[in-house]
Amino acid sequence: MKTFGDMDLMSACRMLLFPIQILYHVLRAGVSQLLPGRKKDLSREVVLITGGGRGIGRHLAKEFAKQGAKKVILWGRTEKCLKETAEEISLMGTECHYLICDVANREEVYKQAKVVREKVGDVTILVNNAAVVHGKSLMDCDDDALLKSQHINTLGQFWTTKAFLPRMLELQHGHVVCINSILSQSPIPGAIDYCTSKASSLAFMESLTLGLLDCPGVGCTTVLPFHTNTEMFQGMRVRFPQLFPPLKPEVVAQKTVDGVRADKAFLYLPWTMHALVALKSFMPQMALEEIHKFTGSYTCMNTFKGRT
């Protein structure tokens, strides 16, 4: 039986070891950036991608297939896009399936998840990629559109994760991926629905990542890219595109799959986005406002068109 003295000694030892452990992990992370370790093999992985018919989702499907995934499953709301992408993946030699599924509909998610398990097998990598943006101010955006953004961009992750994570935990093998956005940490005017939903999504992933620390074989990756050149953000303009060029969706896809294979918890694209987050932590609000005005992010949604 432990005495109070023993407990005090143990607490003191932990306090002394704590800064050493933190330093160790910081150094380890630095070394891993310079000397990447062995990547996870994807040859046994069954990957499900929401919003997989177009944009980043389509490129993710191609990249997972290219890097050796066993099977790829596409979920989305537009059959034409899903079918075209599935055919393209099949031509690459990877087994590919698609299902019509609106992730905002909880019952539909659970129903289609059951179909996937019965017809394709256990999903071992879940990629929550589906998202919408309306590109309007709070006053100009109707209530149904605001709700739609939250249901797809945030709550959809709850339903898909609840549908597939339990089996991953049973198998002690799996990965949950979220395609988030740097706007979750640096919001802009004109996309209040999107920024809010992505901030909620980031909190969801941070909590989930911590909650899975003691679950062997199951991990998370959250990707926070800068503005990506897809039709979803068509018309968005920054003042200095030469200094802040939009990311190519194929690059985001390649970096994401590499991050999953390297078990990276959080991935900022490009890496300079770390500086933006750091600046926000100590700069006064007026200085941040001047940065927004200088870069044009303050008005970048004025020319937004979105998907046609």
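**Note on the predicted model**

1. Methionine 139 is exposed, at 69% relative accessible area. Exposed means over 50%, buried under 20%, and partly exposed in between (1.4 Å probe, protein chains only). Methionine 139 sits in the loop between β4 (125-128) and α5 (143-171).

2. This is a predicted model: local features need pLDDT of at least 70, side-chain atom pairs count only at pLDDT 80 or more, and totals for chains, interfaces and linings use all residues. Residues are numbered from 1 along each chain as its sequence is written, and side-chain values use heavy atoms, with hydrogens and water left out.

3. The chain has nine helices and seven strands. These are DSSP runs numbered from the N terminus: helices are H or I, at least four residues, and strands are E, at least two. Of the 308 residues, 43% are buried.

4. The largest nonpolar core holds 33 residues. Such a core is a set of buried Ala, Val, Leu, Ile, Met, Phe, Trp, Tyr and Cys residues joined through side-chain atoms within 4.5 Å. Ile49, Leu60, Phe64, Val72, Ile125 and Val127 have the most contacts inside it. Helix α2 (residues 55-66) gives the largest share, five residues. Another core, of 28 residues, lies apart from it; Ile73, Val120, Leu126 and Met168 are among its members.

5. Which residues does Valine 127 touch, leaving out those up to four places away in sequence? They are Val47, Leu48, Ile49, Thr50, Leu60, Phe64, Val177 and Ile179. Contact here means heavy atoms within 4.5 Å. Among the chain's contacts between residues at least 6 apart in sequence, 74% join residues at least 24 apart.
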